[in-house]
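The following note comments on selected side-chain pairings and on one helix packing. Each point may be checked against the coordinates shown here.

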Amino acid sequence: MSAAAKGAIRIGIGGWVFEPWRGSFYPDGLSQKRELEYASSKLSSIEINGTYYGSQKPESFAKWREETPDGFVFSLKGSRYITNRRVLAEAGPSIEKFITGGVLELKEKLGPINWQFMPTKAFDPGDFEAFLKLLPKSVEGRALRHAVEVRHDSFRSPDFVALLREYGVAVVTAADSKYTQIADPTAPFVYSRIMGTQEAEPNGYSAGDLDAWAERARRWAEGEVPKDLDTVATPAGAQGGRDVFLYVISGDKIRNPAAAMALIERVGGKG
């Protein structure tokens, strides 16, 4: 596959405000107001988690866009008030309110929206398809990308994978954790959250584990499927390159920036 056919690989962490990163990731004396500026100079993406817990002001999204360099991309979590409901088919007004509530102020730096579901939410094919139908493909002329993070083993179904492929929605590939792993590519991009950093490793992972994750990211970007991750459905036909969004989340959180930077170095830098 030619280099031009490969997708972009963006690697980062969840959020940027975490007190233990001051002095370990952020330089001593760095103003808290400049932490996003610094983090975005070292990483190629950040997942905004605050949007899961409550609404953010449009001015905040605009400020975050302005504080980050060209080419930087934010992903963000959809509101828990949308995903933590019994009937997903009734989420339409809440989805519209979320999408039009300020996130578009990120403009060209708006990446995928991660709709995260609780571990108790089981797969109901009809209701879940109704939810997928509610996710807008574009708003105000800006294309939107959606991913769903499911954590109940009932989703390990070829029917679920087929639904996501039909609607062009990615499934979040969880790894190094207790959560359900579904590594089937279902969209023109891949969204992965890796959760296995350890305090004993200065870079969060061993060199071998970092090499393995970098290789998986490269394979995804080339349109392939890593053979050492769990899939549940028959592979789709030939695919082109995919953009990759990989976030180092949870685990030993203080090590996550170091792990992300080590992975960026391994895949050839920020691009």
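1. A salt bridge is taken here as a side-chain nitrogen of Lys or Arg within 4 Å of a carboxyl oxygen of Asp or Glu. Arg145 and Asp243 meet this criterion, with their closest N and O atoms 3.6 Å apart. Arg145 belongs to the loop between β6 (142–143) and β7 (146–149), whereas Asp243 belongs to strand β11 (residues 243–248), so this pair ties together parts that are 98 residues apart in sequence. The model is a predicted one, and the distances should be read accordingly.

2. Arg145 is partly exposed, at a relative accessible area of 28%. Asp243, with 24% relative accessibility, likewise counts as partly exposed.

3. Over the whole structure, the search returns 14 salt bridges. One of them joins the side chains of Glu67 and Lys63, with an N to O distance of 2.7 Å. These two residues are four apart within helix α3 (residues 58–67), and therefore about one helical turn separates Glu67 from Lys63. Glu67 is partly exposed, with a relative accessible area of 22%; Lys63 is also partly exposed, and its value is 43%.

4. Glu149 and Arg151 form a salt bridge whose closest N and O atoms are 3.1 Å apart. The pair also takes part in a network of salt bridges that links Glu47, Glu149, Arg151 and Arg193.

5. A separate point concerns helix packing. Helix α8 (residues 207–221) packs against helix α9 (residues 256–266) at an angle of about 55°, and the two axes are 9 Å apart. The helices are therefore oblique to each other, since angles of 65 to 115 degrees would be needed for the roughly perpendicular class and angles under 35 degrees for the roughly parallel one. The crossing of α8 past α9 is right-handed.

6. Which residues form this helix contact? From α8 come Ala207, Leu210, Asp211, Trp213, Ala214 and Arg218, and these meet Ala259, Ala262, Leu263 and Arg266 of α9. Sorted by class, the contact of α8 with α9 comprises seven nonpolar and three charged residues, with no polar residue.

Definitions and conventions. Residues numbered from 1 in each chain as written. Predicted model: local features only at pLDDT ≥ 70, side-chain atom pairs only at ≥ 80, totals over all residues. Heavy atoms only, no water. Axes fitted to C-alpha atoms, helices over the stretch in contact; angles between N-to-C directions. Parallel < 35°, antiparallel > 145°, perpendicular 65-115°, else oblique. Left-handed = near helix turned anticlockwise from the far one by under 90°. Contact = heavy atoms within 4.5 Å. Nonpolar A, V, L, I, M, F, W, Y, C, P; charged D, E, K, R; others polar. Buried < 20%, exposed > 50% of the residue type's maximum accessible area, 1.4 Å probe, protein only.
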